[in-house]
Amino acid sequence: MNKVVTVIGGGPAGMSCALWLKHLKFSPILIEKSKKLGGLQTISPFHNKWYLGVPGQTGMELAKQFNRHIELEVIPTLFNSQVKRITPGNNFQIFTDKHEITAKSIVIATGQRFKGYESIESIAGSQELLSSPNVCFNPGAVPIVHGQKVAVVGGGDNGLGTASILTDTAQHIHLFVRSQFQGFSMNQKAVCDQIKSGKITLHKPAFIQRFKLQGDNISITFKVENQPEEEVLVNYICFRLGFAPNVEDIIKLFDRGGIGCLELNQGEYITTDRFLRTSIPNVYAAGDVTNYRDPCVATAVAQGAIAARSVESDLRSDD
């Protein structure tokens, strides 16, 4: 039996899956589009106090440790590689720009990405922001805003966390939330405490109408429901607009190759059963690309292991 399994995506879920597959006596091959493993953890400077056994480690430090483990296990990894074509059959033929792989199964672990400019491009004046050094879309970055007026746009954990952190150094924070807070209750409480102290002004539900650069400052015109338009002038804007699953490319590849249609849920994440089987036989998905509610390192690592166990179980039953 062909025991090669291609794992597409080298974040924590993909690495965990590859590790488990190796020790289940399979031959995993990781395909990673960037030059290093780790996914979004490679840009996270925040300490991960949630991951058991490694207190005090930042996301970037965890990514390095995971990468080192894969190196020690000598798991084949194709860096700077993107899948160009997949064809079906008794085995899948996976083509990158330099390699052709014959695999019995595929595990999709492409993760998710933070939403950027595309989420605000319909707002008047947004294009001006692309040329401003005082705008940040990256949720893994903590800008230096000492003594400045800062706008934070987003009511999820990243938005609430950023607003709370920046109150230590910023002159004042304007927090824009389109509907309701979506973060953990502790993050909501921290922000509410800062609102009461006068360090944060909350605009909710807020609908931004336009942006305008004014020298080194940025004007934000917005409406709060049933209220007239308002305008605030800030020195810096942090956009924390949430995340989206990296599914577009893999859906196109499966469609063009005649492999089948991946079922997605309402949030456009890949739908799986509880053992991480997708709607296509011998195709599995693990990590943030399936997980719209609890995306984190712990769940990604766990799902990588579950997907590997499912591969082993399914192929053994077919043997």
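A salt bridge is a side-chain nitrogen of Lys or Arg within 4 Å of a carboxyl oxygen of Asp or Glu. This is a predicted model, where local features need pLDDT of at least 70, side-chain atom pairs count only at pLDDT 80 or more, and totals for chains, interfaces and linings use all residues. Residues are numbered from 1 along each chain as its sequence is written, and side-chain values use heavy atoms, with hydrogens and water left out.

Start with the charged pairs. Side chains of opposite charge can pair when their charged atoms come close. The structure holds 9 salt bridges. One of them joins the side chains of Arg 113 and Glu 248, at 3.0 Å from N to O. This pair links distant parts of the chain: Arg 113 sits in strand S8 (residues 112–114), Glu 248 in helix H6 (residues 248–256), and 135 residues separate them. Helices (H or I, at least four residues) and strands (E, at least two) are DSSP runs, numbered from the N terminus. Arg 113 is partly exposed, at 30% relative accessible area. Glu 248 is partly exposed too, at 38%. Here buried means under 20% relative accessible area, exposed over 50%, and partly exposed in between (1.4 Å probe, protein chains only).

Now move to helix H5 (residues 185–197). Asp 193 and Lys 189 meet there in a salt bridge of 3.0 Å, N to O. They are 4 residues apart, so about one helical turn separates them. An α-helix has 3.6 residues a turn, so residues three or four places apart point the same way. Asp 193 is partly exposed at 35%, while Lys 189 is exposed at 54%.

Another bridge joins Asp 294 to Arg 293, with the closest N and O atoms 2.8 Å apart. Asp 294 is partly exposed at 31%. Arg 293 is exposed at 64%. Elsewhere, salt bridges link Asp 273, Arg 277 and Asp 314 in a network.

Next come two paired strands. S14 (residues 217–224) and S15 (residues 230–234) run antiparallel and pair over 5 bridges. Two strands count as paired if DSSP finds at least two bridges between them. Ile 220 stands opposite Val 232 in S15. The hairpin of S14 and S15 has 5 residues between the strands, and Asn 226 takes a positive phi near 65° in this hairpin.

Helix H4 (residues 157–166) has buried residues, among them Leu 160, Ala 163 and Leu 166. Their cover includes H5 and several strands: S10 (149–153), S11 (172–176), S12 (200–203) and S16 (236–239).

Finally, turn to helix H1 (residues 12–23), the place of Ser 16. Ser 16 counts as buried, at 8% relative accessibility. Neighbours within four places in sequence aside, Ser 16 is in contact (heavy atoms within 4.5 Å) with Val 301, Gly 304 and Ala 305.

Ser 16 also lines the second largest pocket, as do Trp 20, Tyr 51, His 69 and Val 301, among others. A pocket is an open set of points on a 1 Å grid over the protein atoms alone, where a 1.4 Å probe fits, with protein on both sides within 12 Å along at least five of seven lines; lining residues have an atom within 4 Å of a point. About 150 Å³ of space lies in this pocket, a volume being the space filled by probe spheres set on the points, which are joined across faces, edges and corners. H1 and helix H2 (59–72) each supply at least two lining residues. H1 gives the most, with 5.
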